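Thanks for coming. I will take a few minutes on aromatic rings and on one pair of helices.

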Amino acid sequence: MIVMSSRVLIELLRGQGAHAGPLVCVEDLSVDLAARHTEGFPHSIGQLVFHMNYWMDYDLRRARGEKPPYPEHNSESFPAAARPANADEWQEWQERFAALINETAALADSSQAELDRRVEATHPSHRQRADTLEALLWQLAAHNSYHTGQIAMIRRALGAWPPRGGGDTW
């Protein structure tokens with residue numbers, strides 16, 4: 001069995017080293033920039049944040065022993081509206097994003113015995129991969145890293161890079 005470092009997992013969730021900080025990438029965006037669609041990208045930054053929130057919430061619920069329903073289609077994990085309704089809703093999505101990342105990072109700091117705990121599959125696709133809490137957290141980190149990279153590229157395309165909190169520019 002490969003034992004992976006919780007510290008590295010937490011760094012990936014929060015964005016350190018080669019990984020852009022997910023919170024830094026969205027904290028200074030107006031609702032208009034968050035909602036703007038860019039040619040070549042299927043989703044706006046706001047839609048990506050909503051999507052990451054959806055899957056973090058889903059997997060954290062599984063980690064707590066709940067059995068949330070798996071969406072019939074991926075489109076269900078994106079907002080019904082093409083953009084946040086207003087600045088307040090965008091702020092709520094950002095605050096939820098920060099809270100879910102914090103909850104995920106706190107779980108990553110669990111004991112090895114807790115990280116080795118099995119998480120029940122709630123969809124057939126879950127049976128195709130490792131079923132421990134640690135594996136679930138690594139999957140969340142990889143998913144968030146992928147979409148955070150998309151956010152960084154969209155920001156560059158919008159001329160809104162680097163974020164106020166800093167970002168890789170070389």
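**Aromatic pairs and a helix contact**

The count comes to six aromatic pairs, where rings of Phe, Tyr and Trp (its six-membered ring) pair if their centres lie within 6.5 Å, and planes under 30 degrees apart count as stacked, over 60 as edge-to-face and the rest as tilted. This is a predicted model, so local features need pLDDT of at least 70 and side-chain atom pairs count only at pLDDT 80 or more, while totals for chains, interfaces and linings use all residues. Residues are numbered from 1 along each chain as its sequence is written, and side-chain values use heavy atoms, with hydrogens and water left out.

One of the pairs is Trp55 with Tyr58, edge-to-face, at 5.2 Å centre to centre and 70° between the planes. They sit three residues apart in helix α4, and therefore about one helical turn apart; helices here are DSSP runs (H or I, at least four residues), numbered from the N terminus.

Tyr70 lies in the loop between α4 and α5, so the pair ties together parts 15 residues apart in sequence. Tyr70 is partly exposed, at 31%. Ring pairs link Tyr54, Trp55, Tyr58 and Tyr70 into a cluster.

Now the helix after that. Helix α7 covers residues 133–157, and Gly159, with a positive phi near 70°, follows α7.

Note on methods
Helices (H or I, at least four residues) and strands (E, at least two) are DSSP runs, numbered from the N terminus. The expected span of a helix is 1.5 Å times one less than its number of residues. Buried means under 20% relative accessible area, exposed over 50%, partly exposed in between (1.4 Å probe, protein chains only).
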